[in-house]
Amino acid sequence: MKKPNLDDLSVDELWQLHEELNRLLSVRLTAEKRALESRLAQLRRENEAAKAPLEPPSSRPKRPYPRVKPKYRNPNLPHETWSGRGKQPKWLAAALRTGRSIEDFLISNR
């Protein structure tokens with residue numbers, strides 16, 4: 001395709017070229033969007049088909065675990081407690097870094 005010299009074109013000719021480009025872009029983008037949506041739908045169907053047999057049916061519910069009583073208490077803020085399970089709370093980790101012992105935070109009425 002021969003490249004037009006845009007400097008030699010009049011304003012009307014440039015506008016006509018602009019409108020033609022917009023029309024061509026619209027048609028091509030619409031066609032590409034339809035193709036991509038079709039491919040996406042196909043991938044979803046394949047994913048659902050592959051996923052379905054792998055998932056076992058959830059016939060039994062999860063076991064309820066009993067609530068664990070707190071074992072350690074922050075002396076500065078007594079409402080902050082820790083059961084001793086999971087990650088140490090920030091207040092306890094900071095206190096341990098200052099040299100205090102974890103036994104200093106034990107709740108005595110256990």
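This report walks through a predicted model, from its nonpolar core to its salt bridges and surface.

**The nonpolar core**

Start inside. The largest nonpolar core has 6 residues in all: Tyr72, Trp82, Trp91, Leu92, Ala95 and Phe105. Helix 2 gives the most to this core, with 3 residues. In soluble globular proteins, nonpolar side chains tend to be buried together.

Which residues of helix 2 are buried? They are Trp91, Leu92, Ala93 and Ala95. Their cover includes two strands: strand 1, residues 72-73, and strand 2, residues 81-82.

**An aromatic pair**

The structure holds 2 aromatic pairs. One of them joins tryptophan 91 and phenylalanine 105. A pair of aromatic rings is described by the distance of the centres and the angle of the planes. Here the ring centres are 5.9 Å apart. The planes meet at 65°, so the pair is edge-to-face. The cut-off for that label is an angle over 60 degrees.

Where do the two partners sit? Tryptophan 91 lies in helix 2, residues 90-97. Phenylalanine 105 lies in the segment after helix 2. The pair therefore ties together parts that are 14 residues apart in sequence.

The limit for buried is under 20%.

**Salt bridges**

Now look at charged side chains. The structure holds 2 salt bridges. In one, arginine 23 pairs with glutamate 20, and the closest N and O atoms are 2.7 Å apart. Both residues lie in helix 1. They are 3 residues apart, which is about one turn of the helix. In another, the side chains of aspartate 104 and arginine 100 meet, at 3.9 Å from N to O.

| Residue | Relative accessibility | State |
|---|---|---|
| Arginine 23 | 44% | partly exposed |
| Glutamate 20 | 36% | partly exposed |
| Aspartate 104 | 45% | partly exposed |
| Arginine 100 | 38% | partly exposed |

Leu6, Leu14, Leu17 and Leu21 make a nonpolar surface patch of about 320 Å². Leucine 6 lies in the segment before helix 1, which spans residues 11-54. Why does leucine 6 count as partly exposed? Its relative accessibility is 46%. Partly exposed covers the range between the buried limit, under 20%, and the exposed limit, over 50%.

**Valine 68 in a loop**

Finish with valine 68. It sits in the loop between helix 1 and strand 1. With a relative accessible area of 33%, valine 68 is partly exposed. What does valine 68 touch, not counting residues up to four places away in sequence? The contacts are Ser83 and Arg85.

How far is valine 68 from arginine 39? Their C-alpha atoms are separated by 51 Å. Along the chain, valine 68 and arginine 39 are 29 residues apart.

Notes: Residues are numbered from 1 along each chain as its sequence is written. This is a predicted model: local features need pLDDT of at least 70, side-chain atom pairs count only at pLDDT 80 or more; totals for chains, interfaces and linings use all residues. Side-chain values use heavy atoms; hydrogens and water are left out. Patches are made of residues with over 30% relative accessible area and no salt bridge: like charges are joined within 9 Å, nonpolar side chains (Val, Leu, Ile, Met, Phe, Trp, Tyr) within 5 Å. Accessible areas come from the Shrake-Rupley method with a 1.4 Å probe; for residues, only the protein chains shown count as cover. A salt bridge is a side-chain nitrogen of Lys or Arg within 4 Å of a carboxyl oxygen of Asp or Glu. Helices (H or I, at least four residues) and strands (E, at least two) are DSSP runs, numbered from the N terminus. Buried means under 20% relative accessible area, exposed over 50%, partly exposed in between (1.4 Å probe, protein chains only). Rings of Phe, Tyr and Trp (its six-membered ring) pair if their centres lie within 6.5 Å; planes under 30 degrees apart count as stacked, over 60 as edge-to-face and the rest as tilted. A nonpolar core is a set of buried Ala, Val, Leu, Ile, Met, Phe, Trp, Tyr and Cys residues joined through side-chain atoms within 4.5 Å. Contact means heavy atoms within 4.5 Å.
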